[in-house]
Amino acid sequence: AQTPSIQMEVEALASMFPDAKLFLGEQATEEVLRTHGRASRIIHLATHGYFRQDNPLFSSIRLGDSHLSLYDIYHLQLPAELIVLSGCATGLNVVTPGDELIGLVRGLLQAGAQSLVLSLWDVHDESTKDFMIAFYSRLQQGHAKAKAMQTAMIEVRERYPHPYHWAPFSLIGKG
């Protein structure tokens with residue numbers, strides 16, 4: 001894998017949730033997302049986003065068997081309380097004439113997500129793992145999403161002082 005900490009990240013997160021279903025590599029398919037996503041409270045996708053500024057509808061996320069385009073995401077049913085995309089550049093979008101935002105954010109909200117955590121730039125593998133573990137630990141302790149994110153940022157900033165490491169993620173939707 002290009003990002004060796006992804007497996008450690010998702011295995012650590014899956015161990016925090018007793019009913020978690022973990023799909024790695026080739027098992028993490030569009031069909032799995034369609035089947036399990038509509039009944040999931042939290043969906044965590046540790047994958048790369050590909051933002052196409054020239055044609056945002058062709059922006060996508062990489063799955064085990066394909067790339068899921070923004071158009072495909074619009075047609076998913078993912079009424080999750082929280083969807084997290086912990087990979088690179090998943091939160092980028094473009095503003096079109098009329099001030100309309102087009103990107104994965106819009107697609108996932110259209111699919112039914114109540115809130116999203118997405119990255120604003122290419123993330124660092126190790127600090128992302130640490131951030132996600134801290135974030136989900138706080139959620140498990142009953143913190144609101146916004147407070148869990150703030151606390152995770154502070155915690156990761158202690159180990160990695162540069163904002164590149166502790167500030168790549170944005171919370172959108174219900175905090």
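Tutor: In this predicted model, the cover over the buried residues of helix H2 includes strands S1 and S4.

Student: Which residues of H2 are buried?

Tutor: Helix H2 spans residues 30-37, and Glu30, Val32, Leu33 and Gly37 are its buried residues.

Student: What makes these residues line one face of the helix?

Tutor: Seen down the axis of H2, the buried residues fall within an arc of 160 degrees, so they line one face.

Student: Why is Glu30 called buried?

Tutor: Its relative accessibility is 19%, and buried means under 20%. Glu30 therefore counts as buried.

Student: What is Arg34 called, and why?

Tutor: Arg34 has a relative accessible area of 24%. The range for partly exposed lies between the buried limit of 20% and the exposed limit of 50%, so Arg34 is partly exposed.

Student: Why is the contact between Glu30 and Arg34 called a salt bridge?

Tutor: The closest N and O atoms of the two are 2.7 Å apart. The rule asks for a side-chain nitrogen of Lys or Arg within 4 Å of a carboxyl oxygen of Asp or Glu, so the pair Glu30 and Arg34 qualifies. Both residues lie in H2, 4 residues apart, which is about one turn of the helix.

Student: How many salt bridges are there by this rule?

Tutor: The count comes to 7. One of them joins Arg41 and Glu81, at 3.3 Å from N to O.

Student: What makes that pair a link between distant parts of the chain?

Tutor: Arg41 is in the loop between H2 and S1, while Glu81 is in the loop between helix H3 (70-74) and S5, and the two are 40 residues apart.

Student: Are Arg41 and Glu81 buried or partly exposed?

Tutor: Arg41 has 47% relative accessibility and counts as partly exposed. Glu81, with a relative accessible area of 29%, is partly exposed as well.

Student: Which salt bridge has buried partners?

Tutor: Lys129 and Asp130 meet in a salt bridge at 3.1 Å, N to O. Lys129 is buried, and so is Asp130. These two also belong to a network of salt bridges that links Glu126, Lys129, Asp130 and Arg159.

Student: What makes strands S1 and S9 edge strands?

Tutor: They belong to an open sheet of 4 strands in the order S1-S5-S8-S9, with mixed pairing. Strand S1 (42-45) and strand S9 (169-173) each have a single partner strand, so one side of each is left without a neighbour in the sheet. Neighbouring strands of this sheet are turned by 10 degrees against each other on average, direction ignored.

Student: How do you know that S8 and S9 pair?

Tutor: Two strands pair if there are at least two bridges between them. Strand S8 (residues 115-119) is joined to S9 by 5 bridges, so the pair meets that rule, and the two run antiparallel. Val117 stands opposite Leu171 in S9.

Student: Which helix packs on the sheet by touching S5, S8 and S9?

Tutor: Helix H6 (residues 145-159) does, and its direction makes about 175 degrees with that of S9. Helix H5 (residues 125-140) lies across S1, S5, S8 and S9, running at about 165 degrees to S5.

Student: What is the order of the open sheet of 3 strands?

Tutor: The order is S2-S3-S4, with antiparallel pairing. Its edge strands are S2 (49-50) and S4 (67-69), each of which pairs on one side only.

How values were computed: Residues numbered from 1 in each chain as written. Predicted model: local features only at pLDDT ≥ 70, side-chain atom pairs only at ≥ 80, totals over all residues. Heavy atoms only, no water. Axes fitted to C-alpha atoms, helices over the stretch in contact; angles between N-to-C directions. Contact = heavy atoms within 4.5 Å. Buried < 20%, exposed > 50% of the residue type's maximum accessible area, 1.4 Å probe, protein only. Arc of directions from axis to C-beta.
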